[in-house]
Amino acid sequence: MDSVLSIIRSYPVVAVAAILSGVALLWVLVTQCTGDVYCKALPFVGLPEEGLSLRDSWNQQGPKVQAKGLREHNGPFNIMTGQGAKTILPNRFAKELQKHPDASFVQHLNFDFFGGWKGFEGVSFVSAHEKVFIDTVHDLTRSLALVTDSMADEARLAVPSSFGDCTEWQTILLKPKTGLLIAQLLSRVMLGTELCRDPEWLTIARDYTTNVAMGSMSLRGSSKALRPIMYWFNPQCTRLRQHAQDANRLIAPVVQKRRERARKLLEAGEKPDKVADSIGWMTIHAQGRDIDYASGQLGMAFAGIHNTTETLAAAIIDLCNNPEALKPMREEVIAVVTEHGWSRDSLNKLRLVDSFLKESQRCHPALGAAMGRMALKDVTLSTGLVIPKGSRFGVICPFMDPEVYPEPENFDAYRFLKLREAATGSGPASEYLHASMSAEHMGFGFGSHGCPGRALASNELKIALGFMLLQYDWRLEEGPTFRTFAVANSVDARCRVSYRKRESEIEL
Ligand code: HEM
């Protein structure tokens with residue numbers, strides 16, 4: 001002991017450095033080895049033969065790990081994500097889990113996307129006010145006729161102002177433009193005309209979702225122990241903290257103005273206005289509770305803009321790669337819009353566009369393992385396997401299974417239209433609609449936590465695509481198109497397309 005003390009006295013700087021290193025090492029060991037709840041009865045699948053750790057196997061080669069797990073185990077298996085272990089289930093478990101009361105999508109989301117961390121308020125809002133949030137989305141969907149009219153109205157303004165009227169080819173990055181367009185259409189029905197044309201809000205709404213996705217991806221890709229430090233230096237996390245502040249500056253006065261007006265009307269003995277947008281519905285569902293509306297809107301942007309932007313951008317790429325679909329799709333839009341205009345009912349008549357969008361989602365699904373859930377209690381499967389409370393699981397989508405989709409590698413714009421026409425009875429036929437969910441196509445998830453915004457998203461996509469097809473020609477430029485992280489697919493931010501103005505055959 002004396003000799004240790006004398007070393008410390010002789011070399012105080014070295015001693016302090018050694019003590020700090022020891023504490024840091026202990027912190028790393030504690031954070032890496034504790035707190036991970038998962039199904040211990042199952043094997044882990046990774047690609048050690050490729051020199052990859054379990055976590056890198058999943059992050060870098062997710063689809064390959066999934067295929068290997070299915071091949072070698074013919075049942076559930078574990079994988080290692082940046083957020084800890086997770087159980088992956090073959091598709092045959094989708095139906096028995098679809099309505100499980102103890103399997104939460106929102107808590108899974110909160111865990112994966114760093115709910116509770118500053119800047120990720122949009123994510124925290126969804127889990128803290130799940131019912132308010134989902135009931136608000138259901139209200140939007142119930143008002144689909146109204147909502148569709150507003151989105152078409154907005155597209156008339158937003159599409160030409162996004163892409164201009166130059167008849168020469170011009171090249172752009174695909175995602176930023178499509179992101180702003182989707183943000184404007186969705187913000188019209190979320191916030192009304194007041195904010196949906198405000199460039200500052202639109203940039204926040206578009207970039208918030210990208211920064212949540214990218215920021216959480218980098219945090220998940222880093223060591224758990226170093227994450228709290230990395231978080232302060234990560235550029236996306238820094239932007240998220242700024243977005244949260246800016247959103248509050250823009251949204252709070254709108255809410256305040258509405259409150260003031262409601263108070264004055266009540267004082268005058270009149271009924272307050274019912275405003276048919278997401279702030280209006282959130283106010284009703286909050287039932288007097290003080291909720292943070294700016295975070296609520298960031299939550300809406302996160303749930304509604306990111307996936308819709310990805311789907312629109314992927315559809316444009318698929319259209320450029322499958323030009324034979326272009327003419328019949330244009331003809332379909334012209335025929336339907338000439339006769340019925342843009343409305344909820346006329347969009348239902350865009351049968352080929354519907355099939356095309358569903359095929360595009362099959363080929364580039366947001367997630368190759370859907371139904372991401374967190375077990376709120378122990379979940380017992382029909383095989384007797386217990387997935388413990390607090391653990392996470394997901395179900396494999398059979399998008400590339402040749403027994404479900406013949407020639408799965410081929411993009412067939414008519415695939416779901418043919419299935420629809422061949423199906424007998426309205427039940428099976430409707431299963432192949434873009435906005436429908438099934439165990440075979442989980443592009444919008446499946447079961448009681450399936451996407452409540454899917455009908456709205458499908459209509460928004462048909463409107464955006466319809467305007468873009470009739471008013472412009474499109475061409476894909478050389479370079480990266482899609483990227484995969486774990487089993488999440490997205491359009492590469494570097495993807496470039498060219499477009500030029502064309503004379504639309506009809507007035508839109
Ligand atoms: C193309 C666009 C979209 C895609 C691909 C998509 C996809 C998904 C998926 C895969 C899920 C998880 C479902 C499950 O695991 O079973 C989900 C959930 C959800 N989505 Fe969407 N979504 C889209 C657009 C929207 C829009 C526009 C909104 C809101 C206006 C929205 C709101 C939600 C909400 C609130 C949930 C959580 C549901 C729950 O926990 O019960 N989504 N979405």
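An open sheet of five strands has the order 1-2-8-5-3 with mixed pairing, where two strands pair if DSSP finds at least two bridges between them. Helices (H or I, at least four residues) and strands (E, at least two) are DSSP runs numbered from the N terminus. This is a predicted model, in which local features need pLDDT of at least 70, side-chain atom pairs count only at pLDDT 80 or more, and totals for chains, interfaces and linings use all residues. Residues are numbered from 1 along each chain as its sequence is written, and side-chain values use heavy atoms, leaving out hydrogens and water.

- Strand 3 runs antiparallel to strand 5 (residues 369–375), and two bridges join them.
- Ser104 stands opposite Met374 in strand 5.

**Salt bridges**
- A search of the whole structure finds 29 salt bridges, each defined as a side-chain nitrogen of Lys or Arg within 4 Å of a carboxyl oxygen of Asp or Glu.
- Arg197 and Glu154 form a salt bridge (2.8 Å, N to O).
- Arg197 lies in the loop between helix 10 (193–196) and helix 11 (199–221) and Glu154 in helix 8 (residues 144–163), so the pair ties together parts 43 residues apart in sequence.
- Glu154 is buried, at 0% relative accessibility, whereas Arg197 is partly exposed at 40% (buried means under 20% relative accessible area, exposed over 50%, partly exposed in between; 1.4 Å probe, protein chains only).
- Asp492 and Arg494 also meet in a salt bridge (2.8 Å, N to O).
- Asp492 is buried at 5%, while Arg494 is exposed at 56%.
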